[in-house]
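Please open the structure in a viewer and keep the selection panel at hand.

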Amino acid sequence: MTARHRRALRGAALLGVASLALSACSGSTDAGGGSGDAEAVDTASVLEEGGEITVWAWEPTLEDVVADFEAENPNVTVNLENVGTGNDQYTALQNAIAAGDGVPDVAQIEYYAVPQFAIAENLTDLGPLGAGELDGTFTTGPWTSVQSGDGIYGLPMDSGPMALFYNQDVFDEVGVDVPTTWDEYLEAARAIHEADPNAYIANDTGDAGFTTSMIWQAGGRPYQVDGTEMTIDFTDEGTTRFTEVWQQLIDEELLAPVSSWSDEWYQGLGDGSIATLTIGAWMPANLESGVPQAAGQWRVAEMPQWESGAHDTAENGGSSLAVPAASENAELAYAFVEYANAGDGVQTRVDGGAFPATTAELESEEFQAKEFEYFGGQQVNEVLAESAANVVEGWQYVPFQVYANSIFNDTVGQAYVSGTTLDEGLAAWQESLVAYGDEQGFTVNE
Amino acid sequence: MTTTSPTAAPVAAPGWRRSRRRWVGWQFIGPFMAVFALVFLAPIAYSIYLSLFRTQLVGGTSFVGFENYQQALQDPLFWEGLGRVSLFLVVQVPIMLGIALLVALALDGGRLYGKSFFRISIFMPYAVPAVVASLMWGFMYGTRFGLVGNLNDLLGTSIPNPLSPDLILAAIGNIVTWEFVGYNMLIFYSALRVVPQSLYEAAEIDGATQWQVVRAIKIPAIRGALVIATIFSIIGSFQLFNEPSILQSLAPNAITTSYTPNLYAYSLSFSGQQYNYSATVAIIMGLITMVIAYVVQLRGMRKEP
């Protein structure tokens, strides 16, 4: 998840640990500004000197970036390793950090997870290495998300304003319109499943990132963080708006019981048995590489709305590249990160279908006008950039969101396999999070 | 000269010899002690040390004495996990050891054709790493694209989903049984091979049936092996981790992060960064396992002739 609360929180000076997650852009400039010039000179010699760095990332477009980077800097070897997506990678990273061995030099970390690693002082402050000079390079949401207190703990790689990805062939076959509201979505779900009992409008087995993003779009604000004080409340209006519709999809068994990123999932996206994905703007690259057999069938539309005529969206995923504190080659690692996320690598990744977090690329006409062959020639980025501008403000995550998401299936996930309702599941999640927050020294719901 | 040495020797010798003896002893035991301390004692000591502290995201590390233990003993998630592996132990271990014993007796009976073929093929799954075995079974359990799904399509049946919350423990039990029948069979079989042939001859002269031979000679003779296999299985059950951990990605809602005590300790440590509490859970689990294994050993060995 990216961009917690964009403009709304800009300038909000938050105290204590949680400020790591939330602090505004202004704080970081002085941290890195001064030393940046000196280091900038070093970067060239660091690259000249060369060395070997290990990068843990699951972003597919990085492969080309690594190849280009190595070609430009013959003395540098970059080992790109995919150790898992999201939580799997954080577990591996946490594991390596705790063991003090095998820690990569660069790690892909989603925005929602940055604070948790920053709080534990597991990441290098990139400000002094040159990131302090990058103000204005990235869009506000992602850029605030990688800052904590006075530090910059990663460079934004992509952002994930949500959109509705759908399989046009399935909708044509069934003869329903692409939904523009969630009520229409529910109707379409029924129609698709009725036409083919093996086809579903979407897959869902309980995904913390998706659920929180949906609540975000619906206007819910379950997490409110202010310094070390926070409230966690999954009973507000926005949350129940979401659970009402989604509970019906679950009860009527209109969601494929397939976990995202599994082999079955890719198969389902390819053979039309999973008809839509409501997901972040970084998805096109994943579709192209993971579901080549469905080329030409997928399209992108605005996320369905809670009120007809509205244009609200939320962020889903999006990640940064960070340099773990345990890296022994932080300067070289930073040189790579800057190349990939603020240098020539950005264009390479955009060409590969990634959705950038850099203002220059997002606003460029070339970017917005690009026709995607995979999407039947649709100018996908136009829809996605539009979504980026319509993200609802004011959302926050808790500074232990990685942990929170890891126990999502223990609690909310039960709604997908038993008689528990989503509301009951969310209440159980809330209870666990409050207990954890208290235990970790935060003041929760008081 | 000759007269002085006898007088000097008795005085010097005892002290000299004693100190030398002590030194030699340490020289022999030293390397072992060093490795033993480093590999066995240090991690346990470190875990105990860890379990006495608490590290918070806000507030840092503080000494809390036995508070973690107090918390763990009242932690419903821990007890649920322990209950689950206990149920697993009570149901799965007898089934697995029963099958292993039957197979070992059949192989030992000498009436089986292709004995070595059966021996090797039943033992084979043990050579498959647990992670691979779990993945393999996980795919077979799939109701959409897996073997279960194919069977349902082919026969028009509706085999219930083995990865659903109600059946997942049985599904794990099936994997573990598949993996370890061969291993236990081998323990039993090798114990059976050393039973003196003369006992069988005597039984034959007395006109004993095969069943009587099994009951009166074979099973008592391998009692020690049975106890050992049981203890291994108890430890294995309490440490259940690989199979649920792998299947978790296929059945995220059926296998919670506290499904077994070991999985709970893992999640506490790596998702929740609660290293201290995780160490506490691990220590308590180790103690419980030790006590139960010890009781079984005492009980099992008691009537041995």
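The model is predicted: local features need pLDDT of at least 70 and side-chain atom pairs count only at pLDDT 80 or more, while totals for chains, interfaces and linings use all residues. Residues are numbered from 1 along each chain as its sequence is written, and chains are lettered from A and ligands numbered from 1 in the order in which they are written.

Select chain A, which holds 20 helices and 15 strands (DSSP runs, H or I of at least four residues and E of at least two, numbered from the N terminus). With a radius of gyration of 21 Å, close to the 22 Å that the globule rule gives for 446 residues, chain A is therefore as compact as a globular protein of that length; the radius is taken over C-alpha atoms, and the rule is 2.2 Å times the number of residues to the power 0.38. The C-alpha trace of chain A spans about 65 × 55 × 40 Å along its principal axes.

Next, display the contact between the chains, to which chain A gives 28 residues and chain B gives 18 (C-beta atoms, placed from the backbone, within 7 Å). On the chain B side, 7 residues are nonpolar, 10 polar and 1 charged (nonpolar: Ala, Val, Leu, Ile, Met, Phe, Trp, Tyr, Cys and Pro; charged: Asp, Glu, Lys and Arg; polar: the others, Gly among them).

Finally, select residues 4-51 of chain B as domain 1 and 67-302 as domain 2, bounds that come from an automatic or database domain assignment. Their contact takes 4 residues from domain 1 of chain B and 7 from domain 2 of chain B.

Conventions: Two residues are in contact if their C-beta atoms, placed from the backbone, lie within 7 Å.
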